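Here's a quick tour of the model, taken one local feature at a time.

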Amino acid sequence: MAEKILVIEDDAAFREMLVEALTSKGFEPQSVGSVEEGLRRLAETPFELVLTDVMLPGKSGIEAISLIRDMAPATDVIVMTGYSTREKALEAVRRGAYDFFSKPFSLTELEIVIRRALERRGLRAELASLRTSLREARGGPTIVGQSEGMRRVVEVIHRVAGLDTTVLVTGESGTGKEVVSDAVHALSKRAAGPFIKVNCAAIPENLLESELFGHEKGAFTGALALKKGKFELAQSGTLMLDELGDMPLFLQPKLLRAVEQRQIERVGGARPIDIDIRIIAATNQDLPQLVEEKKFRADLYYRLSVAVIRIPPLRERKEDLPLLVEFFLSRINVKLGMNLRGITREAMGLLYAHDWPGNVRQLANVLERAAIMSAGEVLEADHFRDAFQVRARAAGQEQGRVPGAVGGGEHVASLRQTLEDVERSMIETALAKKDGVQKDAAALLGISPKNLWNKIQKHGIDPARFSGQVA
C-alpha cells in the first residue's frame, strides 16, 4: 500500500508540482493550502508524513509542527521554506520536525529524506512488535534491536526459553546479558516461579558457598540459624549465576553436582536436597580460554553451555542505534519527567562514530547525561560532546592520564579534535565508497549535499582524489 503524504502549501502551482512528483515516486499525496485545513484533513485521515511550507496564511508551518505532533505523534513532519535561516531550521527541529529544506531543493534529495523518514516509522512499528513479543502480560523485559545479530539473539531466546535446558549467555559488559536472561525466564514454563540472581563476582569467596547452597545452624562461627541458599530459594523457578567466570575453582565441583544431579548440600549439612530449578549462567569472560588456563573446569563448562546465547557488542550492531536511542529517551522521559522527542542528525552521527566500549549501558548513561544538559525537546550534538568529555576525563583519571595523550609528555589531543578526525574519516570513507560522487556520499552519511560540501571545505578534503575508486 502506498504511503500517504499530506502536503501543506499555499502556492497552488508549487503544490501541484509536488503532488505530481510524489505520485510519480509511488506515494499517495493529498494537498491543502493552510495549516488549519491540514489539521482538519489529519483529523479525518491518517498520514505517514506531512510536508509543510513555513510561510502560510494563518498559522505558520513552524507553529503547525507541535500541533501535528500532538494530533498524530507517529507522523513525521518535513518543513520547506524559501526563507532559509539557520535559526528557522533549528526551531523546526526543536519543535519536532524530522528535517528542513530550503527552496529551491532537489526532488531527488527530498525523496531520499522522505523514504528515510518512512523507514524510521517502519522501524518504530517493528520495535513495538518486538517489545510485545518479548513482554509478558505484566511487564516483562524488552530487547531492542533489528540488526542481524540481535534477530539471532531473539530467535535463540524463543527457541530455548520453553525447553527448560541450561542456558549460557555471553557478551561484553553492558551488552544486556541480564535483560536476555530475564527474557528467557519470562518466556519459560517457570515464569510464574521465582527468579533468583547471584553475582558471583560481588560476593567474597568465603561467603559465596553459603550464599549459594545455604548452611545449617552451627556450621561455622556466626551460623546462628539455618539459612537456605539461592539454589533452594529458586525452587520451581530460575537461578541466574551472573559473572560465572569469577566462580572460584574450589566451588566448581559442588556447582557441577548441582547441575548434573539436581542436588545440593548446605554447608555443614549431611543430607542431599533435591532441587527443581533452571540455571542461566552469564559471563563476559572467554570461558574456553579459562578452561585452557585451568581456571575453569571443562566438565562444568560443557554442562552449562548446552544452549549458548551470544550478545553482540554495540559496535557490531550500530544499525540498532536509532531504535535504542528512541527506547532510552522514552525511559528518560518517564524517569526525569521530560518530553524529549529525539536527537539531531549531527548528534546521531556522533553516536555512530563512537566505539561504545561500555556498550548499551554506556549509551543509556550518555543519553541521560545529554538529556540533563539539554534545555529543549531535541538533543543536539553539543550535548553529547559534553557527555563524552565527562566520561573521557573520568576514564583518563582512572588510567592516570587523559585520553588521547601521547607518550613521552607530548601534546595531548582534545576530544573535540578527536571527533573532528572521526568526522573527516567518515566523509573520506563515504566518498571512497561512492566513487567521489558527493550527492551519493551525502545520502550514505544521512546529511544534505550542501552540508557535506561545507564539511569538505572545513576539513580541506579534495573530493576529486576519490573519483574512480572502487568501494
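Arg262 is partly exposed, at 26% relative accessible area (buried is under 20%, exposed over 50% and partly exposed in between, with a 1.4 Å probe and protein chains only). You'll find Arg262 in the loop between helix 10 (252-261) and strand 11 (263-264), and its phi is near 55 degrees, a positive value in a residue other than glycine. Most residues other than glycine have a negative phi.

Glu243 also has a positive phi, near 55 degrees. Glu243 sits in the loop between strand 10 and helix 10, and at 16% relative accessibility it counts as buried. Helices here are DSSP runs of H or I with at least four residues, strands are runs of E with at least two, and both are numbered from the N terminus.

## Where the numbers come from

This is a predicted model, with residues numbered from 1 along each chain as its sequence is written. Local features need pLDDT of at least 70 and side-chain atom pairs count only at pLDDT 80 or more, while totals for chains, interfaces and linings use all residues, and side-chain values use heavy atoms, leaving out hydrogens and water.

Five strands make an open, parallel sheet in the order 7-10-13-6-14; strands pair if DSSP finds at least two bridges between them. Strand 7 (195-199) and strand 14 (307-310) are the edges, each pairing on one side only. Neighbouring strands are turned by 20 degrees on average, direction ignored (axes are lines fitted to C-alpha atoms, for helices over the stretch in contact, and angles run from 0 to 180 degrees between N-to-C directions).

Strand 7 and strand 10 (residues 238-242) are joined by five bridges, with Val198 opposite Leu241. Helix 6 (residues 148-161) packs on the sheet, touching strand 6 (167-170), strand 13 (278-283) and strand 14; contact means heavy atoms within 4.5 Å. The direction of helix 6 makes about 155 degrees with that of strand 14.

## A helix pair

Helix 18 (residues 438-445) and helix 19 (residues 449-459) pack at about 100 degrees, their axes 9 Å apart. They are therefore roughly perpendicular to each other (65 to 115 degrees; under 35 is roughly parallel, over 145 roughly antiparallel and the rest oblique). Helix 18 brings Gln438, Lys439, Ala441, Ala442 and Leu445 to the contact, and helix 19 brings Pro449, Leu452, Trp453 and Ile456.
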